[in-house]
Amino acid sequence: MSEIILTTLNARYSHASLGLRYLMANLGEFRGRTLLAEFTIKRPPAEIVAEILRAQPKIVGFGTYIWNVKQTLEVVRQLKTAQPDLIILAGGPEISFETEGQELFHAVDYVLKGEADFSLREFLAQWDRGERPGAKIISGPLPDIKAIRLPYDLYSADDIANRTLYVEASRGCPYKCEYCLSALDVSVRNFPLDEFLAQMQSLLDRGARQFKFVDRTFNLAPTTSSRILKFFLERIHLGLFLHFELVPDRLPPELKELIQQFPAGALQFEIGIQTWSEKVARNVSRRQDFTKIADNLRYLREHTGVHTHADLIVGLPGETWNSFAQGFNALYALGPDEIQVGILKRLKGTPIIRHDQMFGMKYATEPPFQILENNHLNAEEILNLEIFADFWDLVANSGRFPDFKEIVEHSGQTPFEFYYDLSQRLYRHFGRTHSIHLRDLEQAVALAAVRRESATTALPQRQALHVRAGL
């Protein structure tokens, strides 16, 4: 039995909620009266409801995100039907913006907007005194980051053994990219570094070996990022894997020198490019130096063992079919290990809505609120680019078909043209982009390659045989 339950529906089991653990860590006297319970969006709502009610809580708080808000709404409705007097709270980025227009707002009792590290505890103290807030929406001030208790002791032994451990040395972002919620941040705020590194050491002592940093701009302050890299480099013999999000055009010499010392496969950098068009970047208030980006990507490829993951977005205002294709080809030529092609989503609260009328931006009304069409890309083109993104992921990003790089070189097509044609062929064959057995995918890709071989005399026979052999 627990009086209070903090819960969320993760995208999959391997994701451990950092947000819930922050709330739990900062509950003070209420921590011992609270249960942290995580589910996944694949779990039937009735099962989640039964498990929550089994603990006989008086208050349940949900963390809401773009990927779980629909399922959370159903769980909340069933909870309220089964136990009408149950107090239900909702917080998190999805409910914190455009709040009153959401169905979930009307289904819950209270909404805690923004960073609720301290406002949840204040709500519980008020409830414990028998009082109730006067307003349904509770907006606390931005918490003093130096006063926040770090949550890493709440990662269990099972979390450390089986799940992704999310950590952060800072919050916020100085950039104002209009498609991102970080555009609303006032500034970057850093956790006390000595305390943070002590917590990382504690996780290492408990067996943690993989760390995913969620800082938006890990390399923004070279002095801080250098200290963090040095800390892990001194312990790299433990077999560590570290994931960071990097500002793509900011890689000073002191960081390069450190990065070079890490063994291959120990570092993964997520590098947000988003568009290779200067015009489109200006449209969404994104500042980036494309020359420096190209130099940095070449440096990482040629001089380090970093695994690079670069992002592009389909559907940004002003991005045409041709400019996206050109950007994809330019990025492909720089050789990142992965190019993640994502479809633009209209996150609640983001300033990108200012472009709706001028660029004819139309979005889906259901999560994840993807772009449907605009003045430069019609609905069919966006659908085909989504198909392209899915099969690019299955064929190129998966690493299962390494010989394709040479096949592309001899194809007489640009990389975008080659993989777009391949995606259309595979889509006609399967009629879908998901739930495809690996063996069936390999056979279909091999068949496509063999047909291309017969039409392209320059394609080396050795490469086609590698494809046919199932790679």
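**Entry 1: the largest cavity**

I started with helix H11 (residues 290-303), which gives the largest share of the lining of the largest cavity, four residues. Helices here are DSSP runs of H or I with at least four residues, strands are E runs of at least two, and both are numbered from the N terminus. I note for myself that this is a predicted model, where local features need pLDDT of at least 70, side-chain atom pairs count only at pLDDT 80 or more, and totals for chains, interfaces and linings use all residues. Residues are numbered from 1 along each chain as its sequence is written, and side-chain values use heavy atoms, with hydrogens and water left out.

How many cavities of 30 Å³ or more does the structure hold? I found two. On a 1 Å grid over the protein atoms alone, a cavity is a set of points where a 1.4 Å probe fits but cannot get out; a pocket is an open set with protein on both sides within 12 Å along at least five of seven lines; lining residues have an atom within 4 Å of a point. The largest cavity has a volume of about 50 Å³, meaning the space filled by probe spheres set on the points, which are joined across faces, edges and corners.

I listed its lining: Leu246, Val247, Pro248, Leu251, Ile271, Ile293, Asn296, Leu297 and Leu300. By class, the lining of the largest cavity has eight nonpolar residues, one polar and no charged. Nonpolar covers Ala, Val, Leu, Ile, Met, Phe, Trp, Tyr, Cys and Pro; charged covers Asp, Glu, Lys and Arg; the others, Gly among them, are polar.

**Entry 2: the second largest pocket**

Next I looked up the second largest pocket, with about 440 Å³ of space. I see 21 residues lining this pocket, and Tyr332, Pro336, Asp337, Trp392 and Lys405 lie nearest its centre. Its lining has 12 nonpolar, five polar and four charged residues.

**Entry 3: H8 and a neighbour**

Then I turned to H8 and helix H9 (residues 253-260), which pack at an angle of about 15° with axes 10 Å apart. Axes are lines fitted to C-alpha atoms, for helices over the stretch in contact, and angles run from 0 to 180 degrees between N-to-C directions. H8 and H9 are therefore roughly parallel to each other (under 35 degrees; over 145 is roughly antiparallel, 65 to 115 roughly perpendicular, the rest oblique). I noted the contact (heavy atoms within 4.5 Å): Pro222, Ser225, Ser226, Leu229, Lys230 and Leu233 of H8 meet Glu254, Leu255, Leu258 and Ile259 of H9.
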